[in-house]
Every structure is written in structure tokens, then in C-alpha cells.
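We will go from stop to stop, with something to select at each one.

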Amino acid sequence: MSKGFQTLKGFRDFYPDECDARNYVFNVWRNVAKRYGFVEYEGPILEPTDLYKKKSGDEIVTQLFCFEDKGGRDVSMRPELTPTLARMAAARQRDFKKPLRWFSIGQFFRYEKHQKGRGREFYQFNCDILGEESVAADAELAAISIDIMRELGFTADDFRLRVSDRKAWTDFAEKKGVGEEQIPEFLQIIDKKERTKPEDFEKALATFQVTPSDIEQFIQSGSDASETLQTIVADLTARGLGEFLEVDLRIVRGLAYYTGAVFEIFDIGKGMRAVAGGGRYDQLLKLVGGVDMAACGFAMGDMVITDLVRESEKPNQLLEAGISASQSIDVFVIVADEDRRNDAVNVVQRLRDANFRTAYAMTPAKMGKQFQSAEQMGAANAVIVGTEFPQVSLKNLAERTEVSCSADELIAELQSRK
RNA sequence: GUGGCAGUAGCUCAGGGGUAGAGCCCCGGUUUGUGGUACCGGUUGUCGCGGGUUCAAAUCCCGUCUGCCACCCCA
């Protein structure tokens, strides 16, 4: 244990159960995205460090896995996908009909201290609509993120999508006389409001002509604060998803590039963690790619959502069922007579050609042992190949029923049972 | 980056200045072609690493690494 190697800090091994759990979440992401007509794309895992500096400034480097490659280039393991997406979309935007509905599932790296729900490496689902200015796109993203949660087995008792409007906040700030260059700082203060003591909050606001009660009053106005919010509420209500939605102007999101609606999905009752977040970023493609294109999107990481699934009864049952379905096999071929081993592997191959998940004991073993292996592998059926070959026995392991048939009839017999 | 807790068998952990423990897992067996149970038996450790105190350290002290949790941050 002390000898040998371990994973690097913040990195994970995925043993089969964990890998299946991960893939289960990936499949939900992928299936729901495709249900919404999104197409999948992928970008490089290594990018020029400048791509990230351009968007976020030089301080970002402390959070990057960056190094110099053998050609002396300053490169980084990607910490997020949006700059890559912006580059890709901008470079070939004329090749695609608008709006683009793109999603991606990939691995990301951030050089930071590893803790619950956060590692130095993680997977993230990214979902974006590009080239669509209308609020319908924001609503579509809200809906898809809600449907991912529903598909995972969560109900309105488990989570809420909290939506806000960054534009409403900047309008509010301007009306209160906050200068344009001060707005990022102002929004930062609002973003931290929930984590700040009231007296510190008041002190932070002192530089502006805004009082805490002005802020509170604005937050109370809810969806009256903007037409965007009203449209989103009406849209999701029409979809029958209104119960998952909550207008909450306290959501601002730390990122500077959001320009319109922003939203986060929160679990309720299990610690109020944010499991997904996103919003509209109409200026970013121009900044990164030089192309003027409206955009909105959101992302969901694998660590928080998987923790939440594990802690929630019904979602966890679905996950466990997914894992065992992924690992179980259709047929275990039992070699009852070692002289018939070659006939048995022939049967195995024919079953596999017919797309049955098939396994068998590679070394001689007593029948009891082989049945145990069949059980352990979650086999639905056992086929016994012995002295009677080409007659074989087909046994349904759950029902403990056994029939005899010829090896040639076996495939048809199994297919009829599917 | 800051702070709290932890590290003993593959896993979960108990113990505690003087032959290293339990449960689970894994492997084998309970007589020769039929299964999750039950019973019997078996393997595995420099007690995270380095140093100090001591006749003696897994145990006490210091350091270090790793993990977990919280804060900061969160694209």
C-alpha cells in the first residue's frame, strides 16, 4: 500500500462499478440532449494557455494545469469548454444552419484543492444554443436541464431551477447611477450577498448610491423585474415544468460574461448545492472568435450530480439498476464435459455473433462452480454443452427451467425469449 | 492559499509502550453433470513515510506525504 503508485492528488480511478455509474450519467445526458435535437461535438483536451487568459485574465493561470510543451508552447489542460466552443463555432459558423444546438461530454482539469464535489479532474456536460437571440432559447436550456434531473429520477421535491436576469440587474444598477465600469464589482457584491454578513454587505454597498433595502425590494419584485423572466416562466409553465421553476434574483453568477438570463439548478434538502448553472453570453463569441453571434448555454459536472444521485433513494435505485444492466450477461456457457470444450467455444462464438452477451469458464471447473460464475455475472441463461452435443441444455436461471435443444436451434430459441 | 479530523489486511474498522485483531471480500472444500443460503478451511500486513524519546514504539513526540471536511474560489 505504501509501495507502488497512487493516483495524483485530485484524480480518480474508475473501477468497473464506478465507470458504469459514470457512463450511466453520461447516457442520461446524451439521451436527453438528443431528445431535444442537440448534436454532439468535442474539442481538444489541450489548448493554448492564451485561450483561457483572453477570457479570464492572467490570474486564471494559478488554477490551470499548464506547462510548456516540447516545442516551447505554453499549453493548458482545458478547464472549461466555452472558449473552445466559441473558437470552433466562430471559425466555421457559416457551415451551420442557425441556431446551433450543440452538446458535449468531456473531461476537464483545474489545478485546485480537491474536496467534496470537486476534484482536479472531472467530467462536464455542456449544452449550448448559438445564433438564437430569443428568450425561447434560454427557456429551452432550462427545460433540458430540468429534464435531465427528471430522467435521473429527481422530482420537484428534490430540486429547483432558479432563474434570474443579469440584464435586469445591470438596468437596475444603471438606474441607480452605478457607473458602467463599476457594474462588475456591483454584481459581485450581489452574488456574494447570501454569504456576507448584513453589516459587511451594507459596507460593501457604501460606494454606490444603493441601500440594502433597495436591493431587497428589487429581489422581491421577482419576475416583474424583466420581460425575459416573464417569458421564461410562461414558456416553462406551458411545458408543464412550472413546478420546477423559481424566479430568484439573488442568482447572479460570478462570471463576468453573462449578459441576460442566468440560472442554476439547486438541490433542496440535501445541502443546497448547485448542480448545474448557465445563462446567456451574447458577447463572448465576438471576444474569443471575432464573430457576432448570440449564445446561451449551461454546464453540469459529474461529481456533484453523482453524489446527489447516490444520496437520493429513487435516483440511486435507477443508477444501481443501470449498473447491473450494464454488467449482466445474457448467456453463460457451461462446459460439462472437457472433451466438448471446442464445441462449447463454437457455441459461444455463435451466440456472440448473434449479439448475445456471452461468457464461459476458460479453465476446467466443476459444474457447480460454473453455475456460480453464471450467477455472479448476472447471466439470464445457462447453456450446458456436454456429452449429448450437438444437443445442449438451455436453462433459464431465474426460473430454474431447463429445456433441451440442438446447438443449431439455440439462437432462435433464445431470440424468441427476448 | 487557510483551518479541523484521519491514515492498522484488498475493503470497513477495533485495539493500543512488550508474540498483529474482527467482519466482509477473495480462494479452496462439504465425494464424482446443475446455482445466490449454510458449514469447514486458507492467503494477505515493514500498523502511510522519515526522524526523535525509550531496554523496547503500531502505540508517545516532531516533521512529512496522502485522504476527508469546512473556508477562499468557482469558468
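At what angle do H4 and helix H9 pack, and how many Å apart are their axes? Select residues 135-151 for H4 and residues 227-238 for H9. The two helices pack at an angle of about 50°, and their axes are 9 Å apart. Here axes are lines fitted to C-alpha atoms, for helices over the stretch in contact, and angles run from 0 to 180 degrees between N-to-C directions. Helices (H or I, at least four residues) and strands (E, at least two) are DSSP runs, numbered from the N terminus.

Before moving on, two notes on the model. It is a predicted one, where local features need pLDDT of at least 70, side-chain atom pairs count only at pLDDT 80 or more, and totals for chains, interfaces and linings use all residues. Residues are numbered from 1 along each chain as its sequence is written, while chains are lettered from A and ligands numbered from 1 in the order in which they are written.

**Stay with H4 and H9**

H4 and H9 are therefore oblique to each other; angles under 35 degrees count as roughly parallel, over 145 as roughly antiparallel, 65 to 115 as roughly perpendicular and the rest as oblique. H4 passes H9 in a right-handed crossing. A crossing is called left-handed if the near helix is turned anticlockwise from the far one by less than a right angle, and right-handed if clockwise.

Now show the side chains. From H4 the contact takes Val135, Ala136, Asp138, Ala139, Ala142 and Ala143, and from H9 it takes Thr228, Thr231, Ile232, Asp235 and Leu236. Residues are in contact if their C-beta atoms, placed from the backbone, lie within 7 Å. Coloured by class, this contact has seven nonpolar, two polar and two charged residues. The classes are: Ala, Val, Leu, Ile, Met, Phe, Trp, Tyr, Cys and Pro as nonpolar, Asp, Glu, Lys and Arg as charged, and the others, Gly among them, as polar.

Keep H4 and select residues 16-35, which make up helix H1. H1 and H4 pack at about 135° with axes 10 Å apart, and are therefore oblique to each other. The crossing of H1 with H4 is right-handed. Val28, Trp29, Val32 and Ala33 of H1 meet Ile144, Asp147, Ile148 and Glu151 of H4. This contact divides into six nonpolar, no polar and two charged residues.

**The sheet of eight strands**

Zoom in on S10 (residues 274-280) and S11 (residues 295-301), which pair in the antiparallel sense over five bridges. Pick Gly279 here, and you will find its bridge partner, Gly297, in S11.

**The sheet of three strands**

Next comes an open sheet with the order S2-S4-S3 and antiparallel pairing. S2 (46-48) and S3 (66-68) stand at the edges with a single partner strand each, so one side of each is left without a neighbour in the sheet. On average, neighbouring strands of this sheet are turned by 35° against each other, direction ignored. Three bridges join S2 to S4 (residues 74-77); for Leu46, the partner in S4 is Met77.

**H5 and H6**

Select residues 166-175 and 183-191: H5 and H6 pack at about 115°, their axes 11 Å apart, in a right-handed crossing. Trp169, Thr170 and Ala173 of H5 meet Ile183, Phe186, Leu187 and Ile190 of H6.

**Backbone stops**

Most residues other than glycine have a negative phi, and most peptide bonds are trans. With that in mind, visit these places:

- Lys98 and Pro99 are joined by a cis peptide bond, omega about -10°; Pro99 lies in the loop between H3 (82-91) and S5 (100-109).
- Phe389 to Pro390 is also a cis peptide bond, with omega near 10°; look for Pro390 in the loop between S14 (381-385) and S15 (391-396).
- Asn355, not a glycine, has a positive phi of about 75°, in the loop between H13 (341-353) and S13 (358-360).

Technical notes. Two residues are in contact if their C-beta atoms, placed from the backbone, lie within 7 Å. Two strands pair if DSSP finds at least two bridges between them.
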